[in-house]
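Here's a quick tour of one protein model, from its inside to its surface. Have the viewer open as you read.

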Amino acid sequence: NIWLIILIFLFSLSSNLRADSLDEILKLTFSSNKQLLLSRIKLQASKSAIDISKAALGLSFSASFNGSKGWNINESSNSDSYSSSLIGNYNLLDGNLSKSKVLIDEALYKIAKFQLYELEQKVLLDTINAYLNVLRDQKFVELSNNNVAVLERQFLEISDRFKLGEVTRTDVSQAESALAAAKANLTAKNGSLKISSEMFLSLVGIKPFKLKNIISNFKLPKTIEIAKQNSLKKHSKIMVADIEELIARIRIDIAKSQKSPLINFKSIFSNGYSSSSGNNNSVTFRLEGSLPIFSSGKIENEISQAKINYKAQKESSLLVKRLVEQDIALAWSNVLVSKASIEARKRQVEASSLAYDGVLVEEKLGTRTTLDVINAEQSLLDARTQLASAERELVYAKFSLLAATGELNLKKLNIAVPKIN
């Protein structure tokens with residue numbers, strides 16, 4: 001018996017140790033989510049584009065060679081020749097076109113980084129949502145199970161009282177109907193739990209196992225004004241909009257660069273041989289240039305178009321800032337509403353519980369019917385279900401507010417950031 005008790009204790013201890021916490025699930029999602037993995041690979045490709053653009057600013061060398069061997073049948077003579085060249089090229093002047101392309105690629109890389117950060121926030125929030133849905137549905141199943149157990153006891157008790165002649169057949173039918181409805185509700189709640197568990201599996205990659213309740217260990221802004229001010233400085237959407245505005249300004253310079261002269265410097269070292277003239281070595285330095293004279297207004301129109309796009313991008317940046325502030329205001333309101341809802345639901349549960357106990361006593365005294373007891377039990381179940389739903393909404397509202405301010409990340413949640421290869 002002692003060994004059996006020890007085994008049961010060790011099993012329960014190991015089960016608790018294997019329980020999944022939100023911190024562990026978020027770390028797993030952060031490091032293994034397929035969308036994030038793909039975006040990180042694309043980010044590396046965007047970084048390589050910068051190196052490609054910078055290479056255009058430096059020297060470039062190329063080599064060429066050819067050779068031939070011929071026979072003159074009439075004169076019975078051979079004609080052999082070969083040549084090779086080493087060509088160096090350097091761009092002396094292009095109206096800063098190459099440098100502007102480097103700036104654009106650097107800006108695009110920054111945008112890719114902020115977009116990855118925004119995607120990380122979305123994936124984390126989706127994971128938190130799935131985690132909370134499983135916890136909520138598990139609570140619903142638990143409440144439904146308890147409701148079925150209570151109604152089963154009531155049904156048996158009323159059946160016994162019917163045999164004694166204390167209640168009518170109608171009372172028994174009402175209790176039986178309520179029990180059948182409770183079992184149907186339990187089946188529906190189990191179905192919802194299965195669906196939320198499958199959604200969790202699809203998003204995280206593992207099945208939910210004994211999920212722990214969430215303990216919020218992060219601080220939210222004290223006021224909505226502080227939340228808006230902080231987001232204007234570092235929100236990823238605003239940063240992307242500012243960088244896109246910078247790119248639009250650079251594109252004006254690129255359009256203007258078409259008016260500038262293009263000058264390239266080339267050096268050519270050649271070595272050759274032919275059977276008629278022998279060896280031939282030469283070095284050539286060449287300066288090549290071009291200057292646009294007339295383009296039927298093409299360049300001017302492209303400059304005008306770039307300026308219009310820049311103005312449009314500036315307006316777009318202002319719109320993004322307003323939308324971010326709007327999202328923060330909505331998220332802030334959801335937190336306040338959720339807090340108030342919980343307080344109201346707690347009072348509802350307390351009142352429903354007192355009413356249920358009172359109806360039970362009154363039913364024993366004959367002043368209440370079986371239907372009154374069933375209705376009171378259903379009201380208590382509804383109140384507890386709504387409280388569980390409100391508690392879930394408050395937790396999600398807090399994380400949503402964090403995402404709206406652009407600060408939903410592992411560091412803010414005090415979770416160690418896993419190393420990403």
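## A buried valine

Val-141 sits in helix α4, residues 97–163 (helices are DSSP runs of H or I, at least four residues, and strands are runs of E, at least two, numbered from the N terminus). Val-141 counts as buried because its relative accessibility is 10%; buried means under 20% relative accessible area, exposed over 50%, and partly exposed in between, with a 1.4 Å probe and protein chains only.

Leaving out residues up to four places away in sequence, Val-141 touches Leu-186, Lys-189, Asn-190 and Leu-193, where contact means heavy atoms within 4.5 Å. Thr-385 is 244 residues from Val-141 in sequence, yet their C-alpha atoms are 9.8 Å apart.

## One face of α2

Helix α2 (residues 22–32) has Leu-22, Ile-25, Leu-26, Thr-29 and Phe-30 buried. Down the axis of α2 they fall within an arc of 130°, so they line one face of the helix; the arc is taken from the directions from the helix axis to the C-beta atoms. Those buried residues pack against α3 (34–55), α4, α5 (169–204) and α9 (370–404).

## A partly exposed phenylalanine

Over in strand β3 you'll find Phe-269. Phe-269 counts as partly exposed because its relative accessibility is 43%.

## About the model

This is a predicted model, where local features need pLDDT of at least 70, side-chain atom pairs count only at pLDDT 80 or more, and totals for chains, interfaces and linings use all residues. Residues are numbered from 1 along each chain as its sequence is written, and side-chain values use heavy atoms, leaving out hydrogens and water.
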